[in-house]
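User: I have a new structure to look at. Can you take me through its aromatic residues?

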Amino acid sequence: ILILFFYFFILAARDAVIEKIEYTVGDTKLYFTGEFLNQIKFNDTDLFVDDFNDLSSNYTDGYFVLKSPLEKPYTIVINTMLEGIKTLSIFVHNCLNDCSGANGNCNVTTFKCECNSGWGGTDCSIDQTFECRNNCSGNGRCNSDMTCNCNPGYNGVACDLFTKDLGLSMKMNKSKTSPTIHLGSFDMNSSNKSLQMNQYTKASDYSIFISYIQEVDTFGKLVQVYNLTQALWYLVSSNQSVSIYETELSIGSKFLVTIELIPNVTERIWANQLTVIPANSIKYSIRASNYTFSSNLNKLEMFYQATPSSQLECAIKQQIAWGAKKSTDMHWVTIPNNQLQLYGRFSNYMILDDQIISTSNEGLEFGATIQVKVNIPFFKDYVELDPDFSVLVDVNMDETVYDECGNPVGTKSNRKWVIPVAIVVSVCGATILFIAVFSIAYKKNTNLRTKVLSFKSKINTKNNISMKKV
């Protein structure tokens, strides 16, 4: 009798097991999946019209009728017999980034954006009137990101720079404690004595890293900030060509960054898009997985940062160029530093839970430093991103005239050359001081898609904007 009593007591005391809560924007029903759902007891009784409506005859699927549609992300509080009070987040089905406001409308049946004329992308954030500069000068192909894949012998934003191997070299320092790269010690060994680096260029360097990631809610309010310059990184593996770093964002998540040295011209497919990677390039790739969002309407914002520097008394002031019509839809950037340029291209595509989505990137400029903000929508399992950077050298050394601070003040002709860079790799110890440097990303170890990268460019004016005050 005692055993039977405890058996029936346990049956009566069974708590509801909630596996999923789903809601569609504008709907008046809140759907549940789990077990013993008829046992659900809410603290907020004013939210619902009636009790649980069973759809499965065994209380594993059903819904509650809301008194009015939800207008914002919501959490519900339930009382349980065994676990006490529990707070649960409602999963809301909606279009990506709400179709970027006035740029499109959300189809509430398919939950896909229907973009207005002139706008594209999964979230209607990409300006479709932006084009590859000068149609890649006839020396390359314009890809769907509106950046150029240049033919052999050409490089740059518009494939209008000629490549010539004149013995340029630089040193790449890779940290053991973070996915940071420092590029410096530029020099050139050319038999042509008129093609020599000036002292300002030799003293220049570049640094690139991922500065931070933040979670933002649907109203733009910060939920969480992760400072990646202070994160605890683990060096998973490293050799002369590839280094893989790992850290954690939310508990149990993985954030992987791979830095790869690509010695030869390479073609790679990223998110079904072909990209040509020039010789002697550095490739970053990223994969974030198992991140716990506070709400499925929230997003992550990831910030890449790049900074040129020079050991000079007077600042080198050369204008950063952006491939964008608006700062919120940026395709590429060039950061000049004496006779050098850092060229970064940012794909509009990312892979989100096995699906390819397209969205825009935002460019931010702070003096000589640039940041590129990538908006990452909610994901359940993982996201992969694929930016690329390279250092280009505008070797107009026998044609460009510089002032005492290294600023170009005129040229003897308009012919421009880019010299391929031979990179000497060294792995530094525990401290590389605040190195702002090259791009980001993780190149998948085994199953992960390999990425891209393409470089070499010189500033022109078409399709560029300056964003000093962004």
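Analyst: Start with Phe 64, which counts as buried because its relative accessibility is 4%; buried means under 20% relative accessible area, exposed over 50%, and partly exposed in between, with a 1.4 Å probe and protein chains only. This is a predicted model, where local features need pLDDT of at least 70 and side-chain atom pairs count only at pLDDT 80 or more, while totals for chains, interfaces and linings use all residues. Residues are numbered from 1 along each chain as its sequence is written, and side-chain values use heavy atoms, leaving out hydrogens and water.

User: How many aromatic pairs does a search of the whole structure find?

Analyst: The search finds 15. Rings of Phe, Tyr and Trp (its six-membered ring) pair if their centres lie within 6.5 Å; planes under 30 degrees apart count as stacked, over 60 as edge-to-face and the rest as tilted.

User: What kind of pair do Phe 32 and Phe 64 make?

Analyst: Edge-to-face, because their planes are at 75°, with the ring centres 5.4 Å apart.

User: And Phe 48 with Phe 64, what is that pair?

Analyst: That pair is tilted, because the planes are at 50°; the centres are 5.3 Å apart. Phe 48 is also buried, with a relative accessible area of 6%.

User: Which residues form the aromatic cluster?

Analyst: Phe 32, Phe 42, Phe 48, Phe 52, Tyr 59 and Phe 64 form one cluster.

User: New topic: which ring does the charged end of Arg 287 sit over?

Analyst: The ring of Tyr 382, 4.1 Å from its centre. A charge sits over a ring if NZ of Lys or CZ of Arg is within 6 Å of the ring centre and within 35 degrees of the ring normal.
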